[in-house]
Amino acid sequence: MSATSPVRPVLPPDIRARKGGEPLVVLTAYSTPVARLVDAHCDVVLVGDSVGMVIHGLPSTLGVTMEMMILHGRAVVRGAQKAMPVIDMPFGSYEEGKEQAFRNAARLMAETGAPAVKLEGGQHMAETIAFLTARGVPVMAHVGLTPQAVNTFGGYKVVGRGEEAEKVMADARAVEEAGAFSVVLEKVPVGLAARITQALTIPTIGIGAGVRCDGQVLVVDDMLGLFTDFRPKFVKRYAELGKTADEAIAAYAAEVRSRAFPAAEHSFADEVPVKK
Ligand code: KIV
C-alpha cells in the first residue's frame with residue numbers, strides 16, 4: 001500500500017458495515033512511525049486537528065491550517081498500510097459554504113492520499129456533508145462537544161445533559177441522513193450516547209461517550225501518557241511514556257555532564273584493528 005495507490009484495503013463502506021459488530025478501534029497519529037504502530041492494531045488512524053495542541057503547542061485547535069493537516073496527513077498515510085486514514089478538516093476550511101468545503105476536502109484527499117475527511121458539526125453542516133458525499137468525499141462527522149467551537153460552548157464541557165440531549169440526537173440523525181459514514185460522539189453522557197448508537201445505522205465512535213458506542217477513539221499521546229500535566233477523565237493511560245522519556249533524558253544529561261557518555265563502544269577508534 002503506497003500513498004499513491006488508488007485503492008486501500010479498508011475504505012469508508014467497510015467502516016460503515018461494522019455497525020453493531022466488533023468495536024471499531026481508532027487512535028490519532030501525526031507522524032509515520034506512530035502511524036505504523038497504530039496501523040498494527042487499529043481500524044482507523046485519525047489525523048486529528050488535535051495535532052495543533054499535541055505537536056505544535058497551540059492553545060486550541062483553532063490555529064491549525066490546511067498546510068499542517070496536509071503535512072501530517074502525508075506522513076500518516078505513508079505509515080498506515082492497513083488502517084484507514086481520516087484527515088480532520090481544520091477550522092475555517094469548510095464552514096463558509098459547501099463549495100469551500102469541497103475544495104478543501106478534495107485538496108486534503110488529493111495531497112495526502114487519505115480516503116476520507118472528518119468535520120465538526122451537526123444539523124448546520126448537514127447540507128455540506130450531503131454535498132461532499134455526493135461528490136466522492138466520504139465524511140466522518142463529529143457531534144457533541146466539537147472542540148473547534150470551544151469558545152461558543154464556553155469550554156471543553158460535557159454536551160447533551162438535560163434539554164441539550166435532543167439537540168445532540170438531532171445532530172447525529174442529521175449527519176447520518178446527510179450521508180456521513182460514521183460519527184464521532186465527543187463528551188456525550190453515556191445514556192445519550194447509547195441511545196444515539198441504537199438510533200443510527202452508521203457507527204458511532206466515542207471519546208468520553210461511554211462503552212456503548214460502536215467504537216472508541218483517543219488521542220494517541222494522551223493514552224501513551226506523553227503529557228504529565230494533562231489528565232482528562234475520559235483518557236485511560238495505557239503507558240507512562242512521558243515519565244520514561246523524562247528519566248531517559250535526565251540520565252543522558254547527567255552522563256554527558258559527567259563524561260560517562262559517549263563510552264568507547266559509542267566511539268570510533270583512530271586505527272581499524274587488522275584481522276589476523
Ligand atoms: O482532533 C482530534 O484528535 C479529534 C479526536 C480526538 C476525535 O477530533
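Good morning. The crossing of α2 and α4 is right-handed, meaning that the near helix is turned clockwise from the far one by less than a right angle. The model is predicted: local features need pLDDT of at least 70, side-chain atom pairs count only at pLDDT 80 or more, and totals for chains, interfaces and linings use all residues. Residues are numbered from 1 along each chain as its sequence is written, and side-chain values use heavy atoms, without hydrogens and water.

Helices here are DSSP runs (H or I, at least four residues), numbered from the N terminus. Helix α2 (residues 32-39) packs on helix α4 (residues 66-79) at about 45 degrees, with the axes 7 Å apart; axes are lines fitted to C-alpha atoms over the stretch in contact, and angles run from 0 to 180 degrees between N-to-C directions. α2 and α4 are therefore oblique to each other, the class left after under 35 degrees (roughly parallel), over 145 (roughly antiparallel) and 65 to 115 (roughly perpendicular).

Thr32, Ala35, Arg36 and Asp39 of α2 meet Ala75, Val76, Arg78 and Gly79 of α4, contact being heavy atoms within 4.5 Å.

α4 also packs with helix α5 (residues 98-112), at about 35 degrees and with axes 9 Å apart. This crossing of α4 and α5 is right-handed too.

Let me turn to the ligand. Residues around the ligand (a heavy atom within 4 Å) include Thr28, Leu46, Asp88 and His142. Polar contacts are pairs of N or O atoms within 3.5 Å. Polar side-chain atoms lie 2.5 Å from a ligand oxygen for serine 50, 2.9 Å for lysine 118 and 2.9 Å for aspartate 49. Thank you.

How values were computed:
Helix = DSSP H or I, 4+ residues; strand = E, 2+ residues; numbered from the N terminus. Polar contact = N/O pair within 3.5 Å; in protein donor to acceptor, adjacent residues only side chain to side chain.
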